[in-house]
Each structure stands twice: as C-alpha cells, then as structure tokens.
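Thanks for coming, everyone. Have a look at what's on the screen, and I'll walk you through a few spots.

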Amino acid sequence: MKNSFYCLAAISFVTFSVNAFGAEFSGYIGAQTRNFFNPPSAPEQHSNYLSAVAEPEFYQEWDNGDQNVEIKLFYRADQYDEQRTHGDIRELSWTSVFEDWELRLGISKVFWGVAETQHLVDIVNQTDLVENVDAEDKLGQQMIRASTEQDWGTIDLFVLPGFRERTFAGIEGRPRTEAIVDTSRNAIYDSSNGKNHIDLAARYSHYIGEWEFGLSLFSGTGREPTDYSFVTLSSSGQPIVVPVYSLITQLGFDGQAFFGDWTWKLEAANIEVRSGAKKGINSFKTVGGFEYTWVGIADSGMDLGFVVEYHYSDQRIIETIFDNDLATGLRFVFNDAQSSEILAGMFTDANTQAIASFIEASRRLGDSWTMEFQVRTFHGAKENRPLYSFRFDDFAQFDLNYHF
Amino acid sequence: MFFRNTVNNPLITLILLLSTQVFSTAYAGDTDAKNIERGLAIAVEADKRDTGFTDFTANMVMELRNRQGDISTRTIRLKTLEVIGDGDKSMSIFDAPADVKGTAFLTYSHAIKPDEQWLYLPALKRVKRINSKNKSGPFMGSEFAYEDLASQEVEKYTYKYLRDETIKTAEFPDGVDCFVIERYPAYEYSGYTRQLAWVNKDRYVAEKIEFYDRKNSLLKTLTNSGYKQYLGQYWRPAEMLMENHQTGKSTLLSWENYKFKTGLTDRDFSRNSLKRAR
C-alpha cells in the first residue's frame with residue numbers, strides 16, 4: 001500500500017498548491033460495478049465486483065504558455081482484486097517550448113498509431129491491463145522528450161529511463177488468464193542491466209494532403225512480456241507465473257488516408273528480440289482496415305461508422321490473441337447534447353472461429369456526470385489458445401463518473 | 001464571421017468591380033448574369049473589409065436548447081490565424097463540460113479542397129486526424145454544422161444578388177438596409193443547396209442567413225446580433241443564434257473578449273501546440 005500513501009501525499013500537495021497559487025485543478029472521481037454472468041473458474045474469484053476511482057489533475061502554465069507543469073494522479077480501489085487496487089502517477093511533467101523545439105521532462109504519456117481496435121505501434125507507455133482488457137489504459141512513463149514540428153514533418157526523440165511492469169489481474173481478479181501473472185513477485189529481465197536499461201525511441205511523422213504517416217523506432221525493454229516463467233501452483237491448483245521482459249528493437253509504421261467518407265488505416269511492426277532465450281527472433285505484426293462513416297443517417301444528425309480491421313501476427317515471439325483475426329464494429333455517434341455514443345463489435349478468429357464481442361455505450365448526464373456501460377463476451381476459444389482462459393468471464397461493466 | 005477571407009487580391013477585386021460595370025452596360029438585358037456579378041462583388045467587398053486582421057482570440061459560450069427548453073452549455077476558447085493565400089488556421093479548446101475539458105480542434109481550412117482537421121483527446125493524449133470531408137455534421141451536438149463555423153472563403157460559394165431589403169433587427173428596430181444575396185456551396189459534400197444572406201449595406205456583414213437543406217427546404221436561420229467594430233475595421237457579433245426549424249432546437253453562441261493582432265504565429269497552430277492548448 002506504499003503506492004496509496006504516495007498518491008494521498010501527492011493529492012494533498014496538489015490541493016495545497018491549488019489553494020496557494022490558484023492554478024487549474026480538474027479531474028474525476030467515479031464508481032464502477034462489474035458483474036460476471038457465469039460462476040468463476042477459480043474458487044478465489046467472485047461474481048460481482050465494486051470499485052472506486054479518482055484521477056485528479058493539476059495544471060499550471062506560465063511564460064505566455066511556453067512553460068507548464070502537469071500532474072495527473074490515478075488511484076483505483078477494487079473490492080477484491082489486490083492487484084487492481086493500484087495507484088499510478090499518470091503525469092508529472094514540465095514542458096518548455098523553445099523557438100523550434102519542445103522539451104518535456106518527467107512522467108508523461110504519448111500515443112502513436114491510427115488503428116481503432118488494437119494499438120500495435122504504441123510502445124512508449126506500458127499498458128495498465130488490469131484497468132480493462134481492451135488495453136486502452138496506460139501507465140505513466142518517465143521520459144525526456146524533445147519534439148520539433150517542421151514543414152517537412154515532425155520528429156520526436158525520447159530517452160526513457162525506468163521500466164514500468166505491465167499490470168495483471170490478481171488471484172481474486174476477473175477477467176484473468178488461468179495462469180496467474182503475479183506482479184507482486186519480481187519479474188524476470190533477461191538482459192544484463194535488467195530493468196535499469198535506459199530505453200530510446202524516435203518517431204518521424206508527416207502528412208501530405210489526405211495522407212498521413214509515421215515511422216517509429218524503439219530500442220529497449222519490450223513492454224510486452226516475451227514469455228512467462230512458472231513459479232508455483234496456487235492453493236486451488238492454478239499456475240502462478242512471472243513475466244519475462246527482454247530487450248527488443250521495434251520498427252513501426254502507421255499510416256492513414258482519407259477518401260471521401262472512407263478512412264483507410266494501417267499499422268505494422270517488426271520486432272527483434274535482442275536478449276534472453278528468444279534472442280535473434282524477428283516477428284512481424286500488422287493491423288489494417290477502414291472506417292466508413294455515414295454522416296447524418298436517415299436525415300438525422302446521427303452518424304454511423306463501420307469499422308473493419310484485420311489483425312495478423314506471425315506469433316514467433318509469443319502467442320497473441322490477434323494472430324489472424326477480423327475486427328468488425330459499428331459506431332453510432334448521436335451528436336446530441338449528451339454526447340451519446342455506442343460502439344459495438346466483435347473480433348473473430350479466422351482459424352478457430354473464436355469470438356470476442358463488446359458493446360461500449362456512453363453519455364453525459366447533466367453537466368458534470370458521465371456514465372458508461374460495457375459488455376464483453378468471449379465464445380468458442382479452443383483449449384490452449386489465449387482467449388480460452390476467459391471462457392467464463394463474460395461481464396457487464398457500469399461506470400458512473402463525476403467530473404470537476 | 002461572414003465572408004471572412006484571406007484569399008483576397010485587390011487587383012481581382014478591381015477587375016471584378018470593373019467587369020460588373022462593363023456587364024451592366026453591355027448586357028443590361030441579361031439581369032441574371034448581372035446579378036451573379038453583383039452577388040460576387042458584394043462577397044468580395046465583404047471579404048476585403050475583413051482582411052488584414054492577422055489573428056484574433058475570443059471566448060465563446062455555446063448554449064444548446066432542445067424543444068423542451070432544456071439547456072446545456074459548453075465553453076470554448078477560440079484562436080484564429082489569418083493565412084494569406086489560403087484559408088485560415090484555427091483552434092478551438094473546450095473548457096466545459098468538465099468531461100471534455102482540454103479537448104481541442106485544430107483546423108487548417110481551404111477554399112475548395114477539404115480542410116485538414118485534428119482532434120486532441122486529452123485522456124488518451126491522442127491527436128487524431130479527422131476525416132473532414134463531410135462538414136455537414138453538427139459541431140459538438142449543436143445546431144451549427146462544422147461548415148457553418150469554418151472560415152468563409154469567397155471561393156467556397158457562387159453568388160447571386162437578389163434584391164435590396166430593409167429588415168428590422170434588435171440593433172435596428174426601425175430597419176437596416178441590406179443586400180439579399182443567395183449563395184450556393186461549391187463544396188460537393190456541403191449539407192446545403194443554398195443559403196440566403198441579408199448583408200448589412202453599410203458594414204458588409206451578415207445580419208441573418210437562412211440555410212436550405214439538400215432537399216431545398218428551409219432548415220435553419222442564423223441571426224447575428226450585437227455587432228461591435230474592432231480596430232476601427234473588423235465587425236464581430238456578440239451573439240449568433242441558430243434556430244433549426246425542422247427540429248425546434250436552437251443554439252446560441254455568445255462571444256466575449258475579442259482580441260485582435262495578439263501576435264499569434266504558425267507555431268501556435270501546430271499539432272504539438274494542440275496538446276498544450278488548455
């Protein structure tokens with residue numbers, strides 16, 4: 001619970017600063033319920049989970065907006081899952097803008113990529129997987145970032161000291177894999193300087209009219225484990241494992257093009273493992289597809305988007321869910337005062353016909369509240385495939401947040 | 001806001017005005033051609049009068065009102081940079097509602113080509129290029145379409161002068177002399193077949209605009225009010241009321257704190273600056 005202490009200390013500090021300097025203070029607090037439709041596969045797991053979340057944010061700029069400090073803290077308390085009860089410093093950074101360059105120091109987050117259903121090239125920040133299985137949430141990353149935007153494109157250079165381990169559901173958590181990835185034990189780093197390796201990354205991005213593209217390079221400890229190492233069995237007989245992290249070089253491409261109401265998207269990455277048992281392995285992954293938007297369906301102000309994305313991975317490093325899968329989805333944007341949106345879709349495995357489906361619906365209530373409803377289901381996964389672990393873990397999630 | 005344009009060339013204006021003269025003498029019988037020339041000349045003159053503002057910033061409160069009278073409010077800060085030889089660059093940053101605070105749009109507008117537009121989502125720290133070809137959709141749930149709020153270049157429409165008319169407004173209860181011109185979007189993805197604009201003869205700004213949908217029936221009416229002149233030249237309204245006749249909904253934009261020539265540069269309209277805009 002050391003994390004909670006730091007978070008509380010930081011929250012008090014932020015509150016104090018706001019009072020002292022009248023800076024900008026915002027964020028949200030919320031409550032979440034998760035209800036699982038089937039009995040769990042392990043006796044330690046539960047059927048209904050409650051949790052509470054807070055994400056306060058502090059921002060102060062000066063020097064005509066050319067310098068700023070941003071602090072964003074995150075904390076979730078989960079009723080049962082000790083690993084999901086976690087805090088994180090999402091942002092604690094100082095940014096300074098010079099004539100052509102922008103410099104950022106501290107803990108921050110960056111996003112790379114264009115695809116909607118998987119973020120393949122997005123590697124700077126570690127995934128906060130225990131937050132949600134969609135892997136959209138990220139942990140804060142220590143960084144020195146220099147960025148310049150020129151007529152010929154944008155260059156971002158990163159020095160990334162300090163590795164963040166991926167979060168995983170704990171023994172009482174759901175959904176979780178059958179093998180319990182125990183993040184309270186030490187992970188294995190198979191390179192000589194272990195988790196203290198200083199990672200480097202660079203990205204060049206540009207757009208020409210209706211075409212937009214980015215090329216990225218990452219060299220350092222891969223954010224995705226290259227393996228899991230068996231430790232022991234849990235009291236109920238499930239394997240307890242720890243993740244193995246290796247040095248990698250990832251070369252990534254992301255691009256999109258706009259044609260009428262069509263947006264075409266492609267992300268691809270080549271990953272070379274540079275340490276440990278899988279040293280020398282080269283792996284290729286890609287995701288590509290389109291989004292077609294029907295603006296103002298049936299003379300209403302509503303938009304309907306069709307999302308189709310194909311996922312491929314040669315699986316040479318580790319087995320992944322997205323090896324030969326098609327994601328199809330519908331996005332309803334109501335364009336109303338409450339910003340109502342529904343995204344519904346499914347991933348279909350072309351080899352095994354396994355299906356993972358999801359519905360995400362959100363809207364604003366009044367001026368300060370938002371609610372989000374999600375359903376995720378997993379069907380037909382074959383034994384020994386990654387999704388097989390989730391076969392009892394279909395669930396509905398409801399979030400109610402107050403924004404300030 | 002109306003006819004704000006940066007693609008303005010005094011020589012072209014002169015030629016257009018001269019040719020209007022020539023046409024009116026030579027083809028006095030051809031009233032249609034004459035009215036097309038005259039409509040364009042009015043647009044060009046309005047544009048010319050609004051050229052040279054360099055940049056401006058303003059605060060905007062957007063009130064969305066539905067048929068039942070429920071109101072929801074957004075507050076937005078706006079920055080615009082005049083670009084000579086092309087459409088303006090603009091950035092709009094949301095301060096409220098709280099859940100979209102920090103969300104920002106960056107638009108590089110163009111006369112005939114589609115605009116380039118990026119959306120910044122602060123929670124994901126993601127700068128997302130938006131497919132901006134279709135600009136007929138509502139802006140943040142309001143009765144304003146993206147195209148209504150985009151920078152208005154002369155080339156975005158063809159024009160026709162219809163008549164002179166004196167209309168009563170809040171500012172001119174006894175009536176104000178206007179040109180009534182019709183304009184037809186040149187942009188193929190526009191949501192309108194035509195618009196009718198009442199242009200104040202003295203100030204060359206729109207007092208009122210009617211929007212006709214793709215089926216050519218009256219969709220919306222925009223009423224601008226509380227015009228004030230800045231730097232002795234640039235007229236800006238304090239309020240813009242958009243009423244949708246088909247749904248009974250309306251949106252009121254209230255503008256405050258207009259500042260011109262604030263020293264903004266291209267640097268303030270980069271995608272990197274979009275992430276810092278808040």
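So, B:Arg65: leaving out residues up to four places away in sequence, this one touches B:Ile71, B:Lys249 and B:Ser250. Keep in mind as we go that this is a predicted model. You'll find B:Arg65 in strand S1 of chain B, which covers residues 55-65.

Chain B has 4 helices and 15 strands. Of its 278 residues, 41% are buried. If you take the contacts in chain B between residues at least 6 apart in sequence, 49% of them join residues at least 24 apart.

One helix to pick out here is H2 of chain B, residues 31-49. How does its length check out at 1.5 Å a residue? The 19 residues should span 27 Å, and the end C-alpha atoms of H2(B) are 27 Å apart, so the two agree. Quite a run of H2(B) is buried: B:Glu37, B:Arg38, B:Gly39, B:Leu40, B:Ala41, B:Ile42, B:Ala43, B:Val44, B:Ala46 and B:Asp47.

That brings us to the largest nonpolar core, which has 42 residues. Which members touch the most other members? Those are B:Ile42, B:Ala43, B:Ala104, B:Ile181 and B:Val199. H2(B) gives the most to this core, with 6 residues. Take B:Ile42 as an example: not counting residues up to four places away in sequence, B:Ile42 touches B:Tyr161, B:Phe179, B:Ile181 and B:Val199. Apart from that core lies another one, of 20 residues, and its members include A:Val114, A:Ala115, A:Ile123 and A:Ile248.

Okay, over to chain A. Here we have 1 helix and 22 strands. Along its principal axes, the C-alpha trace of chain A spans about 60 × 55 × 45 Å. What radius of gyration would you look for with 404 residues? A compact globule would come out near 22 Å, and chain A has 22 Å, so that agrees. Buried residues make up 38% of chain A. As for contacts between residues at least 6 apart in sequence, in chain A 57% of them join residues at least 24 apart.

Now some strand pairing in chain A. S6(A) and strand S7, residues 153-160, run antiparallel and are joined by 7 bridges. A hairpin of 2 residues takes you from S6(A) to S7(A).

Beyond its neighbours within four places in sequence, A:Gly153 is in contact with A:Tyr204, A:Ser205 and A:His206. A:Gly153 and A:Gly214 are 61 residues apart in sequence, but C-alpha to C-alpha they are 9.4 Å apart in space.

Further along chain A, strand S20 (residues 355-365) and strand S21 (residues 369-379) pair in the antiparallel sense over 11 bridges. Across that pairing, A:Ile359 stands opposite A:Val375. S20(A) and S21(A) form a hairpin with 3 residues between them, and A:Gly366 in the turn has a positive phi of about 65°. S21(A) then pairs with strand S22, residues 395-403, again antiparallel, over 8 bridges. Over there, A:Gln374 stands opposite A:Gln397 in S22(A).

Last stop: where the two chains meet. How many residues does each chain bring to the contact? Chain A brings 33 residues and chain B brings 24. On the side of chain A that touches chain B, strand S6 (141-150) and strand S14 (247-259) each supply at least two residues. By class, that side of chain A has 7 nonpolar, 17 polar and 9 charged residues.

Notes
Residues are numbered from 1 along each chain as its sequence is written. Chains are lettered from A and ligands numbered from 1 in the order in which they are written. This is a predicted model: local features need pLDDT of at least 70, side-chain atom pairs count only at pLDDT 80 or more; totals for chains, interfaces and linings use all residues. Two residues are in contact if their C-beta atoms, placed from the backbone, lie within 7 Å. Ala, Val, Leu, Ile, Met, Phe, Trp, Tyr, Cys and Pro count as nonpolar, Asp, Glu, Lys and Arg as charged, and the others, Gly among them, as polar. A residue is buried if 20 or more other C-beta atoms lie within 10 Å of its own, exposed if 12 or fewer, and partly exposed in between; C-beta atoms are placed from the backbone. Two strands pair if DSSP finds at least two bridges between them. The expected span of a helix is 1.5 Å times one less than its number of residues. A nonpolar core is a set of buried Ala, Val, Leu, Ile, Met, Phe, Trp, Tyr and Cys residues joined through C-beta atoms within 7 Å. The radius of gyration is taken over C-alpha atoms; the globule rule is 2.2 Å times the number of residues to the power 0.38.
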